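User: Could you take a close look at one helix in this model and tell me how its surroundings are arranged? I'd welcome the cut-offs along the way.

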Amino acid sequence: MPEHRVPTRHPHGIALPGQLTFSAPPTADTADPVDALVKQKALPAGQVLSAAITLCRVGVPKGWLTGTDDPRPARADEVLRRLLADDATREIKDQVWRHIVRQVRHDPDNREDWNLYALGVAARGLFSRAARLAMPDDPAARVIAAQNTLIYAFLDRMQATVTTAAGTRWRLDIDRPNVYSRLLGGAYDHASGRTEHRRKQLTRRHDETAAEHQARITRLREEEPREVPVGGDDEISTHHARHHHGPDRRGMDAVIARLEEFVAQSARMPPADRIDPASAELLRRTYLDGEPLGQVAVELNMSQSNASKRRATAVRQLRRLIARRIPRQRPDS
């Protein structure tokens, strides 16, 4: 039976060099990913989706999915299928998830139903993100534990609060765009230990002075990705309009064509110089189209830190390729 090779991952989702090998190829997905997930009855993500379909009597209005005035609650699989469709806009996704999170927080009589409904609608993302918390050849118990860990973190993230001198607020701000990607990303960061690691990074060490600690904090903040704009819907829309529909796109098609040319050329180079298609898409969408790195990473099914590293590697590879194409200047004699 042929082997199926996949990139090696640490149990906490940190990419490692080398490869892992399945003893047999994974089962191919069916044409409908939602149906395929429902059939995963042995895994928590499949179980919560099945339970949400059969047990939940709450849900977002069907009219939101169909563009009608139908007030009946839509089943979790119907919503998930609609949100996975190619024409599902950010506005539709945010409308759905704002409603779900708001009901989880403010409808105590039906909170258990809304929690289950939320997990059902998020089942596909939970399934794919949990795969990064367990090695591909781990025993089933560890895969199940990884999904359960992420599920608990997801539920906590919807209802977690932060108390400051200004008062208490929800940790997840649902008034900002991209509610689901921020919710799932925050849950993954907590479940993977990244949040705790970041907290330790920001804590003053016993062997550093106050000045050294402040300098380190400043450096860490400068290294944080700044691709995701902060603000309300109007501000984000303006940002995307400026980057996606700017008045001057002259030469952009030529730049994209040249990037594709370099990617094709790199395929004939040694492995260290090859730019894989996913990294090329990261370059194009974040640097040329101006899309936020976090949003593109979610759509490419990778963590934001991994996407940032892959993009940086692709930039170095691209520079080497460009350097080979530019003839060296002879010094003036």
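Analyst: Happy to! H7 and H9 cross in a right-handed manner, meaning that the near helix is turned clockwise from the far one by less than a right angle. Their axes, lines fitted to C-alpha atoms over the stretch in contact, come within 11 Å and cross at roughly 35 degrees, on a scale from 0 to 180 degrees between N-to-C directions. Gly-125, Leu-126 and Arg-129 of H7 meet Tyr-180, Leu-184, Gly-185 and Tyr-188 of H9, where contact means heavy atoms within 4.5 Å. These residues divide into four nonpolar, two polar and one charged; Leu and Tyr count as nonpolar, Arg as charged and Gly as polar.

A word on the source: this is a predicted model, in which local features need pLDDT of at least 70 and side-chain atom pairs pLDDT 80 or more, while totals for chains, interfaces and linings use all residues. Residues are numbered from 1 along each chain as its sequence is written, and side-chain values use heavy atoms, without hydrogens and water.

Now the helix itself. Helices here are DSSP runs (H or I, at least four residues), numbered from the N terminus. H7 spans residues 123-130, and its buried residues are Ala-123, Gly-125, Leu-126, Arg-129 and Ala-130; buried means under 20% relative accessible area with a 1.4 Å probe, protein chains only. They lie on the same side of H7 because they cover an arc of only 165 degrees around the axis, taken from the directions to the C-beta atoms. Besides H9 (179-192), they pack against H1 (33-38), H2 (44-55), H6 (111-121), H8 (140-159) and H15 (293-299).

Terms used. Buried means under 20% relative accessible area, exposed over 50%, partly exposed in between (1.4 Å probe, protein chains only). Helices (H or I, at least four residues) and strands (E, at least two) are DSSP runs, numbered from the N terminus.
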